[in-house]
Amino acid sequence: MTEREFVQEEEAVADACCHDGATCVALGEEEARALADTFTALADPTRVRIISALAGGEVCVGELAEALGMTVSAVSHQLRLLRELRTVAARREGRHMFYSLADEHIARMYAYALEHSLEGRTREDE
């Protein structure tokens with residue numbers, strides 16, 4: 001199939017699927033980028049583990065490093081990225097930095113994603 005034939009076929013399918021006059025609307029580039037950035041936080045197992053630890057409440061970097069079996073430096077690197085992605089918030093108390101999830105949206109997103117991933121695993125095991 002040539003590229004022109006492919007495009008014509010796609011256009012015919014698109015015309016056929018919108019038979020009820022509904023308008024297809026997609027996010028704008030800026031909104032899509034912001035949403036993709038949010039999901040970047042969950043795209044790495046280490047960051048997911050950090051988010052899971054913070055889902056229980058505020059934790060200092062040292063406690064996170066110990067819980068994850070990582071160095072403070074490695075955890076700090078991931079926390080810096082999570083802060084840039086507006087996924088975690090930081091609070092200084094003396095020499096210590098404490099981290100928590102940025103807001104309830106992040107906690108819910110993590111919980112829903114975990115629930116979804118466990119559902120898929122359960123179905124496959126049956």
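Predicted model: local features only at pLDDT ≥ 70, side-chain atom pairs only at ≥ 80, totals over all residues.
Local features are taken at pLDDT of at least 70 and side-chain atom pairs at pLDDT 80 or more, while totals for chains, interfaces and linings use all residues. Residues are numbered from 1 along each chain as its sequence is written, and side-chain values use heavy atoms, without hydrogens or water.

The sheet is open and has 3 strands in the order β1-β3-β2, with antiparallel pairing (strands are DSSP E runs of at least two residues, helices H or I runs of at least four, numbered from the N terminus; strands pair if DSSP finds at least two bridges between them). Because β1 (59–60) and β2 (88–93) each have a single partner strand, they stand at the edges, and one side of each lacks a neighbour in the sheet. Between β2 and β3 (residues 96–101) there are 6 bridges, and A89 has S100 of β3 as its bridge partner.

Helix α3 lies across β1, β2 and β3, at about 90° to β3, whereas helix α5 (residues 72–84) lies across β2 and β3, at about 120° to β2 (axes are lines fitted to C-alpha atoms, for helices over the stretch in contact, with angles from 0 to 180 degrees between N-to-C directions).

The axes of α3 (residues 45–54) and α4 (residues 61–68) come within 11 Å and cross at roughly 120°. Their contact (heavy atoms within 4.5 Å) is made by R49, I50, A53 and L54 of α3 together with L64, A67 and L68 of α4.
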